[in-house]
Amino acid sequence: MSASAGHHLNVSAVFSPRGAARVCQLMLGCTIVSLVIHSAGYSATYGTFCMAVWTSCFAVSAAVLVLDVTRLHACLPVSWENLTVTCASLAALLTLTASILYPVFFVRADDCPYNNCEVRNFRITVSVCSWAACVAYGTEVFLSRAKPGRGMSYYMATAPGILKVAQIFVGCVIFVMLASGTDFTRHAATLYCAAVFGVCLTGAVLLVALAVSGRSGALRMPFERLAVIYTFAAVLLYVSAAVLWPVVCFDGKYGAPLRPQGCPRGKCSWDVKLAVAVMSFINLALYIADLVCSHRSRPVSQRPGV
């Protein structure tokens with residue numbers, strides 16, 4: 001038995017750089033939720049989303065820290081390193097989104113001196129703490145990063161693994177936009193684009209699930225090779241969708257090249273279509289970066305000419 005095996009608690013889970021980042025996440029998450037409940041408040045869809053992000057990220061951070069300190073994660077049928085870095089990457093993206101949405105919709109400079117400045121000050125504090133929590137999650141991802149060639153236990157801590165989490169996040173954002181009134185079923189071309197977004201999102205989710213579950217060994221080919229093949233196919237599909245979507249949506253024959261006058265702000269389908277076009281190019285850039293990183297991270301023995 002190793003010397004560390006006799007200890008019931010994993011002290012390094014707290015007294016280490018990554019442990020310190022997780023403790024900061026808990027402190028900031030508790031502060032944010034308390035301030036929002038106490039006085040800052042939230043309402044409507046965007047406020048509910050922000051509150052759901054902060055509470056869920058706090059709960060996941062607490063669960064990860066408890067499992068790591070008590071060593072109970074060894075009882076879980078998952079790859080612990082892959083699971084934790086995946087959760088941290090997703091939490092960083094979610095808190096980043098909440099840090100942008102909350103001040104945009106709930107912090108207004110004209111609230112003072114005509115209204116109660118205390119509520120506005122609480123909301124500013126919540127926004128600052130949310131940004132700090134985003135930095136804390138990003139710090140954990142940075143500290144968890146792994147060098148290529150360390151095996152499947154650290155795949156999600158490599159650049160391709162982190163990029164896949166970002167691809168899933170952006171893909172989900174695209175589908176939320178599609179469901180909010182783009183009417184993409186009117187044309188076969190936009191329906192094809194939606195199918196491409198769905199296929200690529202599903203593929204990324206399956207790859208991340210395989211890495212986190214630790215079941216990649218059941219595949220008949222190396223997981224890294226499967227990931228590269230999928231990413232190459234996703235790049236080709238996304239190129240076609242990213243080009244086809246704006247051509248169809250903003251062409252005078254099928255849509256409107258300019259924003260219609262009188263289109264209500266926040267409920268204009270033209271704005272949503274433009275956002276989908278922008279997000280599709282962002283995801284295309286993520287897939288290209290993933291492909292480049294995956295190619296560079298291959299072991300030397302697998303490279304041609306070696």
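The following questions and answers concern a predicted model of one protein chain.

Biologist: How many helices and how many strands does the protein chain have?

Modeller: From the N terminus on, the elements run α-α-α-α-α-α-α-α. The count for the protein chain is therefore eight helices and zero strands.

Biologist: What share of the residues of the protein chain counts as buried?

Modeller: Among contacts with a separation of 6 or more, 76% join residues 24 or more positions apart. The accessible surface of the chain is about 16,200 Å², and carbon and sulfur atoms hold 69% of that surface. Of the 306 residues, the share that counts as buried is 40%.

Biologist: Which residue ranges does UniProt list as "transmembrane region", and what is the helix content of residues 189-214?

Modeller: The unreviewed UniProt entry lists residues 46-70, 82-102, 122-143, 155-177, 189-214, 226-248 and 274-293 under that name. In the model, residues 122-143 are 100% helix and 0% strand, with end C-alpha atoms 31 Å apart.

Biologist: Helix H2 covers residues 44-70; what distance does it reach from its first C-alpha to its last?

Modeller: H2 has 27 residues, and at 1.5 Å a residue the expected span is 39 Å. The model is close to that expectation, with a reach of 39 Å.

Biologist: Which helices do the buried residues of H2 pack against?

Modeller: The buried residues of H2 are Gly-47, Cys-50, Met-51, Val-53, Trp-54, Cys-57, Ser-61, Val-64, Leu-65, Asp-68 and Val-69. Residues three or four places apart in an α-helix point the same way, because there are 3.6 residues a turn. The helices that this buried set packs against are H1 (17-40), H3 and H4.

Biologist: Ala-44 and Arg-71 are not glycines; what is the phi of each?

Modeller: Most residues other than glycine have a negative phi. Ala-44 is in helix H2 and counts as exposed, because its relative accessibility is 59%. Arg-71 follows H2, in the loop between H2 and H3, and is partly exposed at a relative accessible area of 30%. The phi is positive in each case, about 60 degrees for Ala-44 and about 65 degrees for Arg-71.

Biologist: What angle lies between the planes of Tyr-155 and Phe-223?

Modeller: This edge-to-face pair has its ring centres 5.0 Å apart, and the angle between the planes is 85 degrees.

Biologist: How many residues apart are Tyr-155 and Phe-223?

Modeller: Tyr-155 is buried, with a relative accessible area of 6%, and Phe-223 is buried at 3%. Tyr-155 is in the loop between helix H4 (117-144) and helix H5 (159-178), whereas Phe-223 is in helix H7 (residues 223-249). The pair thus links distant parts of the chain, and the separation is 68 residues.

Biologist: How far apart are Trp-245 and Cys-193, C-alpha to C-alpha?

Modeller: Trp-245 lies in helix H7 and is buried, with a relative accessible area of 0%. Trp-245 forms one aromatic cluster with Phe-197, Tyr-230, Tyr-238 and Tyr-287. Beyond four places in sequence, Trp-245 touches Leu-178, Phe-184, Thr-190, Cys-193, Lys-273, Val-276 and Ala-277. Trp-245 and Cys-193 are 52 residues apart in sequence, and their distance in space is 6.5 Å.

Biologist: Which residue lies over the face of Phe-142?

Modeller: A charge counts as over a ring when the CZ of an Arg, for instance, is within 6 Å of the ring centre and within 35 degrees of the ring normal. At 4.1 Å from the ring centre of Phe-142, the residue is Arg-145.

Conventions:
Residues are numbered from 1 along each chain as its sequence is written. This is a predicted model: local features need pLDDT of at least 70, side-chain atom pairs count only at pLDDT 80 or more; totals for chains, interfaces and linings use all residues. Side-chain values use heavy atoms; hydrogens and water are left out. Rings of Phe, Tyr and Trp (its six-membered ring) pair if their centres lie within 6.5 Å; planes under 30 degrees apart count as stacked, over 60 as edge-to-face and the rest as tilted. Helices (H or I, at least four residues) and strands (E, at least two) are DSSP runs, numbered from the N terminus. Buried means under 20% relative accessible area, exposed over 50%, partly exposed in between (1.4 Å probe, protein chains only). The expected span of a helix is 1.5 Å times one less than its number of residues. Contact means heavy atoms within 4.5 Å. UniProt positions are given in the numbering used here, feature names are shortened, and annotations may be inferred rather than shown by experiment. Accessible areas come from the Shrake-Rupley method with a 1.4 Å probe; for residues, only the protein chains shown count as cover.
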